[in-house]
Amino acid sequence: MTSHVTAHVLDAARGVPAQGLSIQLNDTDGNAVAQSVTDEQGRVSSLGPSELTPGTYRLTFDTGAYFAAQNTACFHPEVVVTFEITAPDQHYHIPLLLSPFAFTTYRGS
């Protein structure tokens, strides 16, 4: 079963998927909905329930621990992506392109 929200992290500096990166999903009140760790492909397909109510959510990527495990200094110890679920019948995929000193994200498919 795939969750309503999924993520994919690519380590752009190394040119590989970011395996072992912890991600937490929180609701608008800051309550933890789910937590997971990226697999060998840098993906998280099980991050919370198969359906979430419309509202604002946050994904927190623990980039500091990820880079520390590689003995690499980084500027952003965490990346927080705030997004809004407006259509509960749609899937929300959030990719993160990551390097020690920059990141970018977008709504994936």
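**View 1. Strands E8 and E9 pair in antiparallel fashion.** Strand E8 (residues 92-99) and strand E9 (residues 102-105) are joined by 4 bridges. Two strands count as paired if DSSP finds at least two bridges between them. Strands (E, at least two residues) and helices (H or I, at least four) are DSSP runs, numbered from the N terminus. A hairpin of 2 residues links E8 to E9. Opposite Thr 105 in E9 stands Leu 96. This is a predicted model: local features need pLDDT of at least 70, side-chain atom pairs count only at pLDDT 80 or more, and totals for chains, interfaces and linings use all residues. Residues are numbered from 1 along each chain as its sequence is written, and side-chain values use heavy atoms, without hydrogens and water.

**View 2. Thr 63 is buried.** Thr 63 belongs to helix H1 (residues 63-68). Thr 63 counts as buried because its relative accessibility is 0% (buried is under 20% relative accessible area, exposed over 50%, partly exposed in between; 1.4 Å probe, protein chains only). A polar atom of the Thr 63 side chain lies 2.5 Å from the backbone oxygen of His 76. The Thr 63 side chain also reaches the backbone nitrogen of Glu 78, at 3.2 Å. Beyond neighbours within four places in sequence, the contacts of Thr 63 (heavy atoms within 4.5 Å) include Leu 21, Cys 74 and Leu 98.

**View 3. Arg 14 and Asp 11 form a salt bridge.** The structure holds 1 salt bridge (a side-chain nitrogen of Lys or Arg within 4 Å of a carboxyl oxygen of Asp or Glu). The N to O distance between Arg 14 and Asp 11 is 3.6 Å. Asp 11 has 1% relative accessibility, so Asp 11 is buried.

Definitions and conventions: A polar contact is a pair of N or O atoms within 3.5 Å; within protein, one must be able to donate a hydrogen and the other to accept it, and residues adjacent in sequence count only if both atoms are side-chain atoms.
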